[in-house]
Amino acid sequence: MVRVRRVEDGGIAQELGIVPGTELLTVNGRELADFLDWEFLSADDELVIEAKLPDGDQIVYEIERPEGEPMGLELEPPTIRRCANRCEFCFIEGLPKGLRKPLYVRDDDYRLSFAYGNFATLSNLKDRDIARILEYRLSPLYISVHATPWEARKVLLNNPRVPNIVEQLTRLAEGGIQFHCQMVIVPGLNDGDVLEQSLTDLWTLGDAVMSVAVVPVGLTQFSHLYTGKSMDQTMAETLLQHVDRWAERGNEQRGTPWVFGSDELYLLASRQLPDAEYYVDFPQIENGVGSVAALRQRVSEGLSELPCFDGKRIGVVTGISMSDIMPELLDALRKQTGADFELIVTTNSLFGPTTTTAGLLVAADIRRALAGRDDLDLALIPAECINDSGVFLDDESFADLRGQLPIPVHPSYDFVDVLGSDSAFPLLGDAPVARRPSAAAQ
Ligand code: SF4
């Protein structure tokens, strides 16, 4: 059974008398277990839907739907499947108390992997789940592989009952499913031979594996499970050498690098980041792979459209990891607009100094960085540190924060999103809306 949360005005569902709270029981004789069943089974144009209205009435709707017309309803969010692991490097284990509640949910859900690109380990996958993935052709999936050698994976995921990932992926690949994979590297556990064996196994799966991201483990001052080595420059450089070898092979034999190092790995190794072309269609940009190249590309493409801001002083708040990248971008913006850009690098007060990513800055960090800065005309902050509801990780809303600061502050993904909008200046208008750049647009 799935329950209706919202019904669109004038849509088919409203015409039928479906209201919020209605339980949808079956479609064409098949029981509905979740949103996936609804999405796939209701795709037919001829439907017999059994439903139970909130007043208890049970109704059967027989519908001939005009081709392509949506049903006009939204379901209640699904119950998220929790993970069965206790990974050495789990980000959630490294979260302090008092953050946004959804951050503490350990989801490991193949359905969200397909629907939203969330990474899943597949450790809680049952035979019936595999059958569904194959029937509904849920592809591509985003898989946290970390290691293919079984024993190494058991240790990494802290789960002796974890299934054999090579067998799982092989079965899915034989059914036509493709994957984007990630390997979070924990020094001493899955670097070196384990990494090499894992990449070999994934390569052997052929076209089923569309991309692999190699990502350094991110530990905060609250991480307490893993007590081994943390990632350093030498380790990052060694990992990039693996990436380079496999990328060369990928380019030669498959026309794509296939394996990508995350941006953080290049920054840790003090290596120059590849250009945008390297990332082809940016298959793992949400995983921090190619974000800097995409940012550079967007700034370069949008620069000529920016108006003159002669004499304005604009502060740009960022995390430590971007402090070396930003000056070249701000210089280009200064030359184009005439404004004076000041880079304001701030540390992460919540996760500690080892967490340097701009997207993990919290409201308190922004407040501290901009306190007393009424000499600025405008400040831009990383839009990635605010969720779709306008809330920072520390559960403070952007609206509240903005009300406490002495200057206009705008979240921005790439500077041109805000500076190119009509309301950037004069500064008293509504805050321009930073639009999340889509991978397709990059
Ligand atoms: S799979 Fe591992 S990293 Fe992901 S939530 Fe579970 S324990 Fe944490």
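In this predicted model, arginine 313 and aspartate 340 form a salt bridge, with their closest N and O atoms 2.7 Å apart. Arginine 313 belongs to strand 11 (residues 313-319) and aspartate 340 to strand 12 (residues 340-346), so this pair ties together parts of the chain that are 27 residues apart in sequence.

How exposed are the two partners, arginine 313 and aspartate 340? Arginine 313 has a relative accessible area of 27% and is therefore partly exposed. Aspartate 340 also falls in the partly exposed class, at 35% relative accessibility.

Arginine 313 takes part in another salt bridge as well, this time with glutamate 342, at an N to O distance of 3.4 Å. Here again strand 12, which holds glutamate 342, is tied to strand 11, which holds arginine 313, and the two residues are 29 apart in sequence. Glutamate 342 counts as partly exposed, with a relative accessibility of 25%.

The side chain of arginine 3 meets that of glutamate 76 in a salt bridge, with 3.6 Å from N to O. This pair links distant parts of the chain, 73 residues apart: arginine 3 sits in strand 1 (residues 2-7), whereas glutamate 76 sits in the loop between strand 6 (73-75) and helix 3 (110-116).

How many salt bridges does the model hold in total? The count comes to 27, and the pairs described above are among them.

The mean pLDDT of the protein is 90, and 93% of its residues reach 70 or more. Where does pLDDT stay under 50? One such stretch covers residues 426-433, for which the model has 11 contacts beyond four places in sequence. Another covers residues 438-442, with 9 contacts beyond four places in sequence. Where pLDDT is low, the predicted coordinates should not be read in detail.

Key: Residues numbered from 1 in each chain as written. Predicted model: local features only at pLDDT ≥ 70, side-chain atom pairs only at ≥ 80, totals over all residues. Heavy atoms only, no water. pLDDT = per-residue confidence, 0-100. Contact = heavy atoms within 4.5 Å. Salt bridge = Lys/Arg side-chain N within 4 Å of Asp/Glu carboxyl O. Helix = DSSP H or I, 4+ residues; strand = E, 2+ residues; numbered from the N terminus. Buried < 20%, exposed > 50% of the residue type's maximum accessible area, 1.4 Å probe, protein only.
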